[in-house]
Amino acid sequence: MRILNAIRTGPPSVSFEFYPPKDESAVGPLLERAARLESLRPGFVSVTYGAGGGATGRQEASIRATELLSRATTAPRLAHLTLAGHSRAELVQVVRRFLDSGVEGFMALRGDPPGGPSAPWHGSPDGLTYACELVELIRGLSAAPIGVAAFPYGHPAAESLEHDAAVLAIKQRAGADFALTQVLFEAEPYFRLVERATREGVTIPVVPGIMPVTGAVKRERMELLSGSALPAELAARVSAARDRDELAQIGVDWCAALVRDLLDGGAPGVHFYTLNSSLAAEAICRKVGLSGPSSDDSSGGR
Ligand SMILES: Cc1cc2nc3c(=O)[nH]c(=O)nc-3n(C[C@H](O)[C@H](O)[C@H](O)COP(=O)(O)OP(=O)(O)OC[C@H]3O[C@@H](n4cnc5c(N)ncnc54)[C@H](O)[C@@H]3O)c2cc1C
(Lines give C-alpha, C1' and ligand atoms only; values in the text may rest on other atoms or scores of the structure.)
Protein backbone atom coordinates (compact mmCIF):
# COMPACT_ATOMS: atom_id res chain seq x y z
CA MET A 1 0.00 0.00 0.00
CA ARG A 2 3.01 2.29 -0.31
CA ILE A 3 1.47 3.96 -3.37
CA LEU A 4 -1.78 4.85 -1.63
CA ASN A 5 0.03 5.96 1.51
CA ALA A 6 2.14 8.33 -0.57
CA ILE A 7 -0.96 9.87 -2.16
CA ARG A 8 -3.13 9.96 0.94
CA THR A 9 -0.80 10.80 3.80
CA GLY A 10 2.22 12.93 4.62
CA PRO A 11 3.55 15.69 2.35
CA PRO A 12 2.20 16.04 -1.20
CA SER A 13 3.20 13.05 -3.33
CA VAL A 14 5.41 13.33 -6.37
CA SER A 15 5.55 10.60 -9.01
CA PHE A 16 7.23 10.14 -12.38
CA GLU A 17 6.08 8.52 -15.61
CA PHE A 18 8.47 7.36 -18.32
CA TYR A 19 8.09 6.09 -21.87
CA PRO A 20 9.39 2.60 -22.63
CA PRO A 21 12.89 2.76 -24.13
CA LYS A 22 12.92 2.67 -27.95
CA ASP A 23 15.67 0.04 -28.07
CA GLU A 24 18.27 -1.68 -25.94
CA SER A 25 20.63 1.32 -26.03
CA ALA A 26 17.96 3.51 -24.38
CA VAL A 27 17.50 1.22 -21.37
CA GLY A 28 20.62 2.40 -19.48
CA PRO A 29 19.80 6.13 -19.79
CA LEU A 30 16.22 5.48 -18.65
CA LEU A 31 17.42 3.67 -15.55
CA GLU A 32 19.93 6.46 -14.83
CA ARG A 33 17.14 9.04 -14.97
CA ALA A 34 14.94 7.00 -12.66
CA ALA A 35 17.86 6.60 -10.24
CA ARG A 36 18.52 10.33 -10.32
CA LEU A 37 14.90 11.14 -9.48
CA GLU A 38 15.01 8.84 -6.48
CA SER A 39 16.49 11.66 -4.41
CA LEU A 40 13.03 13.30 -4.66
CA ARG A 41 11.56 10.24 -2.92
CA PRO A 42 8.80 9.53 -5.47
CA GLY A 43 5.60 7.95 -4.24
CA PHE A 44 5.76 5.74 -7.33
CA VAL A 45 7.26 5.50 -10.81
CA SER A 46 5.64 4.10 -13.94
CA VAL A 47 6.19 3.33 -17.63
CA THR A 48 3.50 3.95 -20.24
CA TYR A 49 2.02 0.89 -21.94
CA GLY A 50 2.02 0.67 -25.73
CA ALA A 51 -1.63 0.46 -26.74
CA GLY A 52 -3.26 0.17 -30.18
CA GLY A 53 -3.77 -3.46 -31.19
CA GLY A 54 -0.81 -5.18 -32.78
CA ALA A 55 1.83 -3.13 -30.97
CA THR A 56 3.07 -6.23 -29.20
CA GLY A 57 6.71 -5.13 -29.32
CA ARG A 58 5.87 -1.88 -27.55
CA GLN A 59 3.81 -3.72 -24.96
CA GLU A 60 6.66 -6.09 -24.22
CA ALA A 61 9.04 -3.10 -23.99
CA SER A 62 6.70 -1.48 -21.42
CA ILE A 63 6.50 -4.61 -19.30
CA ARG A 64 10.23 -5.15 -19.41
CA ALA A 65 11.04 -1.51 -18.59
CA THR A 66 8.61 -1.63 -15.64
CA GLU A 67 10.40 -4.75 -14.42
CA LEU A 68 13.86 -3.19 -14.93
CA LEU A 69 12.99 -0.04 -12.99
CA SER A 70 13.39 -2.07 -9.81
CA ARG A 71 17.16 -2.04 -10.49
CA ALA A 72 17.25 1.76 -10.52
CA THR A 73 14.89 2.82 -7.78
CA THR A 74 13.39 1.62 -4.54
CA ALA A 75 10.22 3.62 -5.30
CA PRO A 76 7.09 1.50 -5.77
CA ARG A 77 6.39 0.64 -9.39
CA LEU A 78 2.96 1.32 -10.84
CA ALA A 79 2.23 -0.83 -13.92
CA HIS A 80 0.30 0.89 -16.74
CA LEU A 81 -1.94 -1.54 -18.58
CA THR A 82 -4.28 -0.84 -21.49
CA LEU A 83 -7.12 -3.11 -22.52
CA ALA A 84 -6.63 -2.03 -26.16
CA GLY A 85 -5.09 -4.78 -28.24
CA HIS A 86 -5.61 -7.52 -25.66
CA SER A 87 -8.11 -10.30 -25.10
CA ARG A 88 -9.43 -10.83 -21.58
CA ALA A 89 -7.22 -13.93 -21.22
CA GLU A 90 -4.12 -11.97 -22.25
CA LEU A 91 -4.92 -9.22 -19.77
CA VAL A 92 -5.07 -11.80 -16.98
CA GLN A 93 -1.66 -13.10 -18.05
CA VAL A 94 -0.11 -9.63 -18.15
CA VAL A 95 -1.53 -8.71 -14.73
CA ARG A 96 -0.08 -11.92 -13.26
CA ARG A 97 3.29 -11.25 -14.86
CA PHE A 98 3.37 -7.72 -13.43
CA LEU A 99 2.42 -9.05 -9.98
CA ASP A 100 5.17 -11.68 -10.17
CA SER A 101 7.67 -8.92 -10.94
CA GLY A 102 6.72 -7.10 -7.75
CA VAL A 103 4.75 -4.11 -9.04
CA GLU A 104 2.78 -2.46 -6.24
CA GLY A 105 -0.10 -1.00 -8.20
CA PHE A 106 -1.79 -0.68 -11.59
CA MET A 107 -2.92 2.13 -13.86
CA ALA A 108 -5.99 0.67 -15.59
CA LEU A 109 -6.53 2.29 -18.99
CA ARG A 110 -8.39 1.69 -22.19
CA GLY A 111 -5.61 3.03 -24.41
CA ASP A 112 -6.17 4.99 -27.58
CA PRO A 113 -7.25 3.43 -30.87
CA PRO A 114 -4.51 3.35 -33.55
CA GLY A 115 -5.90 6.58 -35.09
CA GLY A 116 -5.42 8.61 -31.88
CA PRO A 117 -7.62 9.67 -28.94
CA SER A 118 -10.47 10.99 -31.13
CA ALA A 119 -10.56 8.08 -33.59
CA PRO A 120 -13.52 5.67 -33.42
CA TRP A 121 -13.10 2.79 -31.00
CA HIS A 122 -13.37 -0.78 -32.32
CA GLY A 123 -13.00 -3.31 -29.55
CA SER A 124 -12.37 -7.01 -30.06
CA PRO A 125 -15.12 -9.57 -29.26
CA ASP A 126 -12.97 -11.39 -26.69
CA GLY A 127 -11.67 -8.18 -25.10
CA LEU A 128 -12.98 -5.39 -22.86
CA THR A 129 -14.50 -2.05 -23.88
CA TYR A 130 -14.03 0.41 -21.02
CA ALA A 131 -11.31 0.99 -18.43
CA CYS A 132 -13.82 0.33 -15.62
CA GLU A 133 -13.97 -3.31 -16.81
CA LEU A 134 -10.20 -3.54 -16.59
CA VAL A 135 -10.38 -2.16 -13.04
CA GLU A 136 -12.79 -5.00 -12.20
CA LEU A 137 -10.58 -7.58 -13.87
CA ILE A 138 -7.48 -6.43 -11.96
CA ARG A 139 -9.42 -6.17 -8.70
CA GLY A 140 -10.47 -9.80 -9.16
CA LEU A 141 -6.80 -10.82 -9.27
CA SER A 142 -5.15 -8.49 -6.77
CA ALA A 143 -5.73 -6.15 -3.85
CA ALA A 144 -3.03 -3.77 -5.18
CA PRO A 145 -4.03 -0.10 -5.57
CA ILE A 146 -5.54 0.77 -8.96
CA GLY A 147 -5.29 4.16 -10.62
CA VAL A 148 -7.42 5.42 -13.52
CA ALA A 149 -7.26 8.30 -15.98
CA ALA A 150 -9.15 11.56 -15.44
CA PHE A 151 -9.57 14.41 -17.91
CA PRO A 152 -9.64 18.05 -16.76
CA TYR A 153 -10.42 19.22 -20.31
CA GLY A 154 -12.66 16.22 -21.00
CA HIS A 155 -11.84 13.02 -22.86
CA PRO A 156 -11.89 13.81 -26.61
CA ALA A 157 -14.72 11.29 -27.19
CA ALA A 158 -16.74 12.17 -24.07
CA GLU A 159 -20.33 13.38 -24.53
CA SER A 160 -19.78 16.21 -22.04
CA LEU A 161 -17.59 17.21 -19.11
CA GLU A 162 -20.35 16.02 -16.77
CA HIS A 163 -20.47 12.61 -18.45
CA ASP A 164 -16.69 12.43 -18.14
CA ALA A 165 -16.95 13.04 -14.39
CA ALA A 166 -19.68 10.42 -14.15
CA VAL A 167 -17.31 7.96 -15.87
CA LEU A 168 -14.75 8.65 -13.14
CA ALA A 169 -17.41 7.75 -10.57
CA ILE A 170 -18.08 4.50 -12.48
CA LYS A 171 -14.36 3.68 -12.33
CA GLN A 172 -14.36 4.37 -8.59
CA ARG A 173 -17.34 2.03 -8.08
CA ALA A 174 -15.48 -0.63 -10.10
CA GLY A 175 -12.66 -0.50 -7.54
CA ALA A 176 -10.30 2.34 -8.52
CA ASP A 177 -8.35 3.86 -5.62
CA PHE A 178 -7.05 7.04 -7.21
CA ALA A 179 -6.94 8.96 -10.49
CA LEU A 180 -4.16 10.68 -12.40
CA THR A 181 -5.11 13.46 -14.78
CA GLN A 182 -4.11 14.18 -18.32
CA VAL A 183 -1.60 16.98 -18.85
CA LEU A 184 -2.62 20.30 -17.29
CA PHE A 185 -1.39 23.73 -18.30
CA GLU A 186 -3.37 25.65 -15.67
CA ALA A 187 -4.74 24.82 -12.22
CA GLU A 188 -8.32 25.97 -12.75
CA PRO A 189 -9.45 23.06 -15.00
CA TYR A 190 -8.14 20.63 -12.36
CA PHE A 191 -10.24 22.23 -9.61
CA ARG A 192 -13.32 22.32 -11.89
CA LEU A 193 -12.81 18.60 -12.62
CA VAL A 194 -12.59 17.82 -8.89
CA GLU A 195 -15.81 19.79 -8.31
CA ARG A 196 -17.66 17.93 -11.08
CA ALA A 197 -16.33 14.59 -9.88
CA THR A 198 -17.29 15.33 -6.27
CA ARG A 199 -20.85 16.12 -7.42
CA GLU A 200 -20.90 12.65 -9.03
CA GLY A 201 -19.82 11.04 -5.75
CA VAL A 202 -16.09 10.68 -6.45
CA THR A 203 -14.08 10.55 -3.23
CA ILE A 204 -10.81 8.99 -4.43
CA PRO A 205 -7.80 11.31 -4.67
CA VAL A 206 -7.30 12.92 -8.08
CA VAL A 207 -3.63 13.72 -8.75
CA PRO A 208 -2.90 16.38 -11.40
CA GLY A 209 -0.54 15.53 -14.28
CA ILE A 210 2.25 17.92 -15.29
CA MET A 211 4.30 17.85 -18.49
CA PRO A 212 7.05 20.47 -18.55
CA VAL A 213 7.34 22.44 -21.80
CA THR A 214 10.93 21.72 -22.78
CA GLY A 215 11.02 21.63 -26.54
CA ALA A 216 11.46 17.84 -26.33
CA VAL A 217 7.85 17.47 -27.42
CA LYS A 218 6.27 19.67 -30.07
CA ARG A 219 3.56 22.04 -28.98
CA GLU A 220 0.94 20.24 -31.13
CA ARG A 221 1.73 16.93 -29.45
CA MET A 222 1.41 18.47 -25.98
CA GLU A 223 -1.94 19.97 -26.92
CA LEU A 224 -3.11 16.62 -28.29
CA LEU A 225 -2.06 14.84 -25.10
CA SER A 226 -3.70 17.44 -22.92
CA GLY A 227 -6.88 17.97 -24.93
CA SER A 228 -6.41 21.74 -24.63
CA ALA A 229 -4.56 24.52 -26.40
CA LEU A 230 -1.64 26.10 -24.54
CA PRO A 231 -2.87 29.12 -22.56
CA ALA A 232 -2.27 32.32 -24.57
CA GLU A 233 0.28 33.67 -22.09
CA LEU A 234 2.34 30.46 -22.12
CA ALA A 235 2.07 30.21 -25.90
CA ALA A 236 3.39 33.78 -26.26
CA ARG A 237 6.33 33.08 -23.95
CA VAL A 238 7.11 29.83 -25.78
CA SER A 239 7.03 31.61 -29.17
CA ALA A 240 9.37 34.33 -27.89
CA ALA A 241 11.97 31.85 -26.57
CA ARG A 242 15.30 32.39 -28.34
CA ASP A 243 16.75 28.95 -27.77
CA ARG A 244 16.13 25.62 -26.08
CA ASP A 245 17.65 26.74 -22.78
CA GLU A 246 15.31 29.71 -22.58
CA LEU A 247 12.38 27.49 -23.55
CA ALA A 248 13.29 24.98 -20.85
CA GLN A 249 13.47 27.77 -18.24
CA ILE A 250 10.05 29.06 -19.33
CA GLY A 251 8.67 25.54 -18.87
CA VAL A 252 10.21 25.15 -15.43
CA ASP A 253 8.97 28.56 -14.24
CA TRP A 254 5.46 28.00 -15.61
CA CYS A 255 5.14 24.51 -14.17
CA ALA A 256 6.61 25.50 -10.79
CA ALA A 257 3.95 28.20 -10.47
CA LEU A 258 1.30 25.72 -11.63
CA VAL A 259 2.40 23.11 -9.08
CA ARG A 260 2.30 25.73 -6.30
CA ASP A 261 -1.25 26.73 -7.32
CA LEU A 262 -2.35 23.09 -7.41
CA LEU A 263 -0.90 22.21 -4.02
CA ASP A 264 -2.09 25.45 -2.40
CA GLY A 265 -5.59 24.61 -3.66
CA GLY A 266 -5.49 21.16 -2.07
CA ALA A 267 -4.20 18.76 -4.76
CA PRO A 268 -2.82 15.65 -3.05
CA GLY A 269 0.42 15.73 -5.06
CA VAL A 270 1.61 15.93 -8.64
CA HIS A 271 2.40 13.36 -11.30
CA PHE A 272 5.11 14.24 -13.83
CA TYR A 273 5.10 13.11 -17.43
CA THR A 274 8.90 13.20 -17.61
CA LEU A 275 9.32 12.58 -21.36
CA ASN A 276 12.28 10.47 -20.24
CA SER A 277 14.20 13.55 -19.17
CA SER A 278 14.69 13.96 -15.45
CA LEU A 279 16.04 17.51 -15.59
CA ALA A 280 12.88 19.61 -15.95
CA ALA A 281 10.85 17.57 -13.44
CA GLU A 282 13.75 17.72 -11.00
CA ALA A 283 14.18 21.48 -11.43
CA ILE A 284 10.45 22.06 -10.88
CA CYS A 285 10.39 19.92 -7.72
CA ARG A 286 13.43 21.69 -6.30
CA LYS A 287 12.01 25.12 -7.11
CA VAL A 288 8.77 24.27 -5.31
CA GLY A 289 10.53 22.38 -2.48
CA LEU A 290 8.62 19.25 -3.35
CA SER A 291 9.82 15.78 -2.40
CA GLY A 292 8.18 12.83 -0.73
CA PRO A 293 8.68 11.81 2.89
CA SER A 294 12.06 10.39 3.93
CA SER A 295 12.00 6.72 4.87
CA ASP A 296 12.02 7.57 8.59
CA ASP A 297 9.20 10.12 8.25
CA SER A 298 6.12 8.48 9.65
CA SER A 299 4.02 11.65 9.91
CA GLY A 300 0.50 11.14 8.62
CA GLY A 301 -2.47 13.27 7.72
CA ARG A 302 -2.54 16.23 5.41
C1 LIG B 1 -2.32 9.41 -16.34
C2 LIG B 1 -2.58 8.80 -17.71
C3 LIG B 1 -1.76 7.78 -18.15
C4 LIG B 1 -1.99 7.19 -19.41
N5 LIG B 1 -1.16 6.18 -19.78
C6 LIG B 1 -1.38 5.58 -20.98
C7 LIG B 1 -0.58 4.47 -21.39
O8 LIG B 1 0.30 4.03 -20.64
N9 LIG B 1 -0.83 3.91 -22.60
C10 LIG B 1 -1.82 4.38 -23.42
O11 LIG B 1 -2.01 3.84 -24.50
N12 LIG B 1 -2.61 5.43 -23.05
C13 LIG B 1 -2.41 6.02 -21.86
N14 LIG B 1 -3.23 7.05 -21.47
C15 LIG B 1 -4.25 7.56 -22.41
C16 LIG B 1 -5.59 6.82 -22.29
O17 LIG B 1 -5.43 5.44 -22.57
C18 LIG B 1 -6.53 7.46 -23.30
O19 LIG B 1 -6.82 8.77 -22.91
C20 LIG B 1 -7.81 6.71 -23.67
O21 LIG B 1 -8.41 7.35 -24.79
C22 LIG B 1 -8.85 6.71 -22.55
O23 LIG B 1 -8.48 5.89 -21.59
P24 LIG B 1 -9.43 5.66 -20.30
O25 LIG B 1 -8.68 4.71 -19.48
O26 LIG B 1 -9.85 6.94 -19.70
O27 LIG B 1 -10.69 4.95 -20.99
P28 LIG B 1 -12.20 4.83 -20.57
O29 LIG B 1 -12.42 5.14 -19.13
O30 LIG B 1 -12.64 3.49 -21.04
O31 LIG B 1 -12.90 5.96 -21.44
C32 LIG B 1 -12.88 5.94 -22.86
C33 LIG B 1 -14.12 6.66 -23.40
O34 LIG B 1 -15.29 5.90 -23.08
C35 LIG B 1 -16.16 6.64 -22.23
N36 LIG B 1 -16.60 5.71 -21.19
C37 LIG B 1 -15.81 5.09 -20.27
N38 LIG B 1 -16.52 4.26 -19.48
C39 LIG B 1 -17.80 4.36 -19.91
C40 LIG B 1 -19.00 3.73 -19.48
N41 LIG B 1 -19.02 2.87 -18.48
N42 LIG B 1 -20.14 4.06 -20.15
C43 LIG B 1 -20.13 4.94 -21.18
N44 LIG B 1 -19.01 5.56 -21.61
C45 LIG B 1 -17.85 5.27 -20.99
C46 LIG B 1 -15.34 7.79 -21.68
O47 LIG B 1 -16.12 8.93 -21.42
C48 LIG B 1 -14.34 8.04 -22.78
O49 LIG B 1 -14.90 8.88 -23.77
C50 LIG B 1 -3.03 7.66 -20.23
C51 LIG B 1 -3.84 8.71 -19.78
C52 LIG B 1 -3.64 9.26 -18.54
C53 LIG B 1 -4.52 10.38 -18.07
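**Strands, helices and loops**

Me: In this predicted model, which residue of β8 is the bridge partner of phenylalanine 16?
Reply: Strand β1 covers residues 13–18 and strand β8 covers residues 269–273. The two pair in the parallel sense over 5 bridges. In β8, the bridge partner of phenylalanine 16 is phenylalanine 272.

Me: Which residue stands opposite phenylalanine 272 on the β7 side?
Reply: β7 and β8 pair in the parallel sense, over 2 bridges. Opposite phenylalanine 272 of β8 stands isoleucine 210.

Me: Which residue has isoleucine 210 as its bridge partner in β7?
Reply: Strand β6 (residues 178–184) pairs with β7 in the parallel sense. There are 4 bridges between β6 and β7. The partner of isoleucine 210 is leucine 184.

Me: In what order do the strands close into a barrel?
Reply: The barrel has 8 strands, and the pairing is parallel. Neighbouring strands of this sheet are turned against each other by 30° on average, direction ignored. The order is β1-β2-β3-β4-β5-β6-β7-β8.

Me: How many residues of β7 are buried, and on which faces?
Reply: In a regular strand the side chains alternate between the two faces of the sheet. On one side of β7, Val206, Pro208 and Ile210 are buried.

Me: What is the hand of the β-α-β unit made by β6, α7 and β7?
Reply: Helix α7 spans residues 188–199. Together with β6 and β7, α7 makes a β-α-β unit that is right-handed.

Me: At what angle do α6 and α7 pack?
Reply: Helix α6 runs over residues 161–174. The axes of α6 and α7 are 8 Å apart. Their crossing is right-handed. The angle is about 65°.

Me: Which residues of α6 and α7 meet, and how do they divide by type?
Reply: From α6 come Leu161, Glu162, Ala165, Leu168 and Ala169. From α7 come Leu193, Arg196 and Ala197. The residues of this contact divide into 6 nonpolar, no polar and 2 charged.

Me: Is alanine 187 buried or exposed?
Reply: Alanine 187 lies in the loop between β6 and α7. Its contacts beyond four places in sequence are Leu258, Asp261, Leu262 and Gly265. Alanine 187 has 20 C-beta neighbours inside 10 Å, so the class is buried.

Me: What is phi of arginine 41?
Reply: Most residues other than glycine have a negative phi. Arginine 41 sits in the loop between α2 (27–37) and β2 (44–47). It counts as buried because 20 other C-beta atoms lie within 10 Å. The phi of arginine 41 is positive, near 50°.

Notes:
Residues numbered from 1 in each chain as written. Predicted model: local features only at pLDDT ≥ 70, side-chain atom pairs only at ≥ 80, totals over all residues. Axes fitted to C-alpha atoms, helices over the stretch in contact; angles between N-to-C directions. Left-handed = near helix turned anticlockwise from the far one by under 90°. Contact = placed C-beta atoms within 7 Å. Nonpolar A, V, L, I, M, F, W, Y, C, P; charged D, E, K, R; others polar. Pairing = 2+ DSSP bridges. Buried ≥ 20, exposed ≤ 12 C-beta atoms within 10 Å, placed from the backbone. Right-handed = clockwise from strand over helix to strand, strands pointing away.
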